[in-house]
Amino acid sequence: MGIGKEIAAQLPLAQGQVWQRLKEQLQSIGRDPVQVFEFAHEFLVCRNKCSTLFVTALNYLSQEQLGALVALAVPICQEDGISDTAAGDVLDYVCRPFPELLHPYIETIFEISLQERYGKFEQAWRGLDRARIEIFKTRLLSGKDTEADEQRNHKKEFTISHRLFMCLMNTRDPETILFALQHARTHKITPPWEIDEDYFQRVHLADVGFARKGSALVSIYPNKPYHFIFVRGDGFPQEDPRLKSVLPIQQRFRFGGNATLTPDEPYPFSHILTLDPIPAGVHVTGLPRLVLGAYITEINHYGVCFYQHDANGNPQQKIAPAEFVEVERRYIDYPFRETTVLLAPTPERFACGEWGDPASQFRLGGEPSWIQNPDVPVCPHCGETMEFLLQLDTGLPDTDPDRKDGEVYFGSGGMCYVFWCDTCKVSSYFEQCT
Ligand SMILES: [Zn+2]
């Protein structure tokens, strides 16, 4: 028996030290996709319950290998269900990076997703072809789910109409999205506990990367994704091993460090990142470079902060909060410690990773890894929805003069999101946490 099969046989009952040993064994075969596939295949066909080690192993598999697992997982899910099963984990895992692997089974995927009280697998609808989209549009229009919907409404579950709506939104096809939004408004498919219908529509739109501009849709996540590689190691995260094959762009970029925006400021201003030059595929126009910086204290103690940039790309003055906030000295947040970063094009597979995915912790472009509902700021000058620029996780070393091991925290340990209005040259910063 190969080592992959051996691990699969032992894992379901493993605890404590045995589990630890299996984890180390799996890590050691991580570079050998044949062994990892053997493990995952065996673990899946034995119809095991889900396991974090199993999900970790999926990270090492190619798209083709994952496709082979999907073909096995779909019928297992039909029989064993999706919650708490390794088969359910396979479908859940491939949804975001490889939705196309689920397209051949999309109608079955919809049926098995109904086992969950709330939505499930909607990301699988991304990029679905027109003919298959029609199946779900027709079902939504037919109204044949109305009776089942009433029961689900009664049990405070998402209705079938609501799920169909979410699936159609996730196609990311503008025409289909406009159809779904219009249908939702006319037929009141907003769940009864969602009070504000406009908010409901805005959140669902932002979730799939769009905002309304008049009667049309505009993309709010237009930027090519690059992840950060911190050059100096002390206290800064190491590069995720899965991304090591990607070559960074040639330039080095200055990250962190103390700066000053306003004389007599009561807390320090942090330089965050200087994009010089602005990397290809990033929608920042008419500036020689872009300097990002903020009062981290205000991100944590105020809300959404906005800065006006000058013609050289420097933050010139803050727009909000207009005044400095009152904060006790011990709650002051210090700037990031200065270092150098490389930016490497993030493979599409990791470009919209969820919060906690190591490839998404520090990223320019791509899609935000929201911790809470999508919450896209509106430019205070022009009133248009801003575009996502970058996200930063908690835990980087800071410059607190009283603490050698201080770290920059966003909220209780969340993320900072940076958005940009290219028309007005305005940046915005805010955090979300659990
Ligand atoms: Zn604007």
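Let's start with glutamine 115, which is partly exposed because it has 13 other C-beta atoms within 10 Å (buried means 20 or more, exposed 12 or fewer, partly exposed in between, with C-beta atoms placed from the backbone). This is a predicted model, where local features need pLDDT of at least 70 and side-chain atom pairs count only at pLDDT 80 or more, while totals for chains, interfaces and linings use all residues. Residues are numbered from 1 along each chain as its sequence is written.

Glutamine 115 sits in the loop between α7 and α8 (130-142); helices here are DSSP runs of H or I with at least four residues, and strands are E runs of at least two, numbered from the N terminus. Leaving aside neighbours within four places in sequence, glutamine 115 is in contact (C-beta atoms within 7 Å) with Gly81 and Ile82.

Gly81 comes after α5, and its phi is positive, near 90°. What about α5 itself? Leu66, Leu69, Val70, Ala73 and Cys77 are buried there, and their cover includes α3, α4, α6 and α7.

| Helix | Residues |
|---|---|
| α3 | 33-45 |
| α4 | 52-58 |
| α6 | 86-95 |
| α7 | 106-113 |

Now zoom out: the domain assignment, automatic or from a database, gives domain 1 (3-219) and domain 2 (226-432). Nine residues of domain 1 are in contact with nine of domain 2. On the domain 1 side, α12 (197-207) and β1 (210-213) each give two or more residues, and α12 has the largest share, with three residues.

Note on methods
Two residues are in contact if their C-beta atoms, placed from the backbone, lie within 7 Å.
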